[in-house]
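Student: I would like to learn how to read the features of this model. Where do we start?

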Amino acid sequence: MKCSLIGRQVFASVYAMRNVFVSFFLIFGFAFALNFQEPIPGTYGCFVSSESFFDPNAQDAGAKLTLEPNNQYTLIAGSSTEKGKFISSRMEDNTEFTELFQSGSWISLQPSSSVEPYLGMFIIDGAGGLFVILQNNNKSWIRCQSQDANLYEAVKVRLEAKAKRDASLEGAESSGRVPVLSPMQDVAQGTYQCYYSRDSYDDKGNPAPEPFEKSFDLQFFSNHQYLCTASWNADGCNDRSNDNNFELSPDGRFTWLDGDMEIYYNDWVSRYGQSADGIPSFVMYQEDEDVWTGGPLYDVFKCARTSDVTDAAPSEQATAEYELLPADIKAPPPPAGAGGLSGLYADFTVRQNTYSVLGNNGMPYMQVDVLPPEFMYFLPNGYVYRGIYEWSYEDLDCQRVKKEGRPLCDTYTLTAEGFTFGSEGRMLPLQVQGKDLTIDGTLWAYQEPASDLPLDGVWEYTSGFGGMSISSKFWTFGKDGSFMIDRSSAVSYVTPEIGGATTSVAGYNADPTSTGRYSIVGNTITLSFADGHKEKRVFSFSSNDNGVIDSIYINGQLYWSSN
């Protein structure tokens with residue numbers, strides 16, 4: 001393989017690892033641990049190499065691989081066309097190479113002809129490039145990739161970043177800025193108190209370290225989920241999302257896989273091990289530049305285990321049962337004569353919160369939050385759920401009681417004189433207009449069931465904060481019953497410089513894409529994800545004056561059509 005002198009010098013670390021990749025790979029021998037991602041349908045251009053799957057000089061094979069949503073594939077090479085089906089499965093094992101890619105899965109292409117199956121993997125690199133890596137019968141590498149993707153550059157960038165972080169940590173350990181931790185056979189499970197310090201420099205270039213102060217608590221669970229809690233809105237804390245996942249390698253290297261900690265601390269060096277005094281500990285360390293002076297900054301988190309976990313893991317908290325008392329404790333039944341309504345109603349009155357926040361550049365911003373609609377779900381037996389029941393009303397049991405002792409649902413009574421909520425006890429004025437209700441002057445619009453609604457296209461939700469951060473979520477629904485979820489977040493702000501100039505600072509993060517199949521019955525959308533698990537959520541929609549669906553609501557969150 002030919003490579004320029006410059007290329008050999010710059011990319012030496014990549015080629016030094018080539019044999020390691022090849023020996024580990026051998027299709028079934030490549031130990032890996034990635035977020036599971038079903039192969040994403042699309043057309044991939046294919047390259048061939050006898051050297052490695054990330055060979056920059058791989059030859060264009062003039063072939064196109066198309067993956068279909070129905071797990072069928074077509075491989076076109078010149079005048080030859082091959083069709084068949086593909087099967088994917090989760091990668092289970094762990095190695096240090098998890099830093100190189102974002103998500104993926106094993107993949108097997110099984111031709112309809114007598115040709116032997118192609119075995120390999122589907123991966124998404126840190127820049128969002130999509131790749132199908134295969135080996136053919138003569139052991140040549142076949143790399144099929146999305147347009148403009150460059151796996152060689154992705155591997156090089158990740159390895160160089162890893163080497164820089166490792167060297168940075170070694171320097172911090174030798175200077176005493178962070179404690180030296182010894183690897184230990186441990187799963188990190190427990191509660192950790194974390195303390196933060198920043199080592200900065202004064203105007204004369206002398207070190208000016210700050211004292212360590214308590215910042216937040218971290219809980220690590222045996223299912224590789226984490227929970228960060230703080231009394232203030234710390235970066236990455238107080239988010240109880242089921243997406244909070246981490247990976248711990250045998251040598252103590254710690255990796256945030258998902259969640260807010262991954263967004264804020266992905267570029268930090270993170271290590272886990274045993275401190276000199278024998279306490280299981282965790283450190284995060286980052287070398288940075290002071291945007292005000294241009295001088296170096298060193299940020300350090302030191303965390304030590306203090307106790308066992310005190311909360312349920314986020315995946316357990318995300319269940320309806322977590323919020324309830326045992327099922328044998330029943331709520332009072334509706335009063336005699338209660339009931340008479342059925343279905344989902346929404347109050348679309350525009351409400352907003354307006355307040356001032358301080359941006360990263362020290363400038364105040366006016367933040368305006370437009371609040372989502374309010375919902376009520378009526379049962380004909382006299383129960384009403386006031387709000388969004390995020391696990392779907394289909395699974396709502398109004399005889400249950402919340403942990404704080406209040407019934408899960410309210411009750412209601414409908415008479416000619418008016419409307420009464422059981423929890424309030426006073427009669428409210430009521431007007432009925434077709435299927436809609438006006439209760440005490442507020443219009444509650446009936447939400448038509450969405451069974452078999454023909455969704456097609458992209459639906460988007462975007463939020464901003466203080467003029468400096470934006471997060472977006474996209475749902476793509478296909479007429480064939482497929483769906484895809486994409487999430488991204490970006491941070492941008494302006495910093496002052498000498499002479500009144502300004503510098504724009506920006507950061508971007510994209511979460512792994514989720515795919516699967518969906519079905520809608522009534523006001524419930526059932527999502528069957530590619531990894532095998534299912535979720536139910538509340539679903540409703542709105543149409544414009546022409547009867548075209550222009551917005552949908554998933555668990556009460558509004559998504560506009562991007563078509």
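This is a predicted model: local features need pLDDT of at least 70, side-chain atom pairs count only at pLDDT 80 or more; totals for chains, interfaces and linings use all residues.

Student: Which residue forms a disulfide with Cys409?

Tutor: General idea first. A disulfide is a covalent bond between the sulfur atoms of two cysteines. The criterion here is a pair of cysteine sulfur atoms within 2.5 Å. In this case the partner is Cys398, with the sulfur atoms 2.0 Å apart. The torsion about the S-S bond is about -70°, so this disulfide is left-handed. Cys398 is buried, with a relative accessible area of 4%.

Student: Where do Cys398 and Cys409 lie?

Tutor: Elements come from DSSP runs, numbered from the N terminus: helices are H or I with at least four residues, strands are E with at least two. Both Cys398 and Cys409 lie in the loop between strand E23 (383-386) and strand E24 (410-414), so the pair ties together parts that are eleven residues apart in sequence.

Student: How many disulfides does a search of the whole structure find?

Tutor: Four. Number the bonded cysteines in sequence order, and the pairing reads 1-2, 3-6, 4-5, 7-8.

Student: What does the disulfide of Cys46 join?

Tutor: Cys46 is joined to Cys144, S to S 2.1 Å. Cys46 lies in strand E2 (residues 42-49) and Cys144 in strand E9 (residues 141-145), so the pair ties together parts that are 98 residues apart in sequence. The link of Cys46 and Cys144 is right-handed, with 100° about the S-S bond. Cys46 counts as buried at 2% relative accessibility, and Cys144 counts as buried at 1%.

Student: Is the disulfide of Cys194 and Cys303 right-handed or left-handed?

Tutor: The torsion about its S-S bond is about 115°, so the disulfide is right-handed. Cys194 sits in strand E10 (residues 190-201) and Cys303 in strand E18 (residues 296-307), distant parts of the chain that are 109 residues apart. The S to S distance is 2.1 Å. Cys194 counts as buried at 0% relative accessibility, and Cys303 is buried with a relative accessible area of 2%.

Student: Which residues have the most contacts inside the largest nonpolar core?

Tutor: A nonpolar core is a set of buried Ala, Val, Leu, Ile, Met, Phe, Trp, Tyr and Cys residues joined through side-chain atoms within 4.5 Å. The largest has 22 residues, and those with the most contacts inside it are Phe216, Leu218, Phe220, Trp256, Met261 and Met284. Elements that give two or more residues to this core include E10, strand E12 (213-220), helix H5 (259-265) and E18. E12 gives the most, with three residues.

Student: What is Phe220 in contact with?

Tutor: Contact means heavy atoms within 4.5 Å. Leaving aside neighbours within four places in sequence, the contacts of Phe220 include Ala188, Tyr192, Phe246, Trp256 and Val309.

Student: And the chain as a whole?

Tutor: The chain has six helices and 38 strands. Of its 563 residues, 45% count as buried.

Terms used:
Residues are numbered from 1 along each chain as its sequence is written. Side-chain values use heavy atoms; hydrogens and water are left out. Buried means under 20% relative accessible area, exposed over 50%, partly exposed in between (1.4 Å probe, protein chains only).
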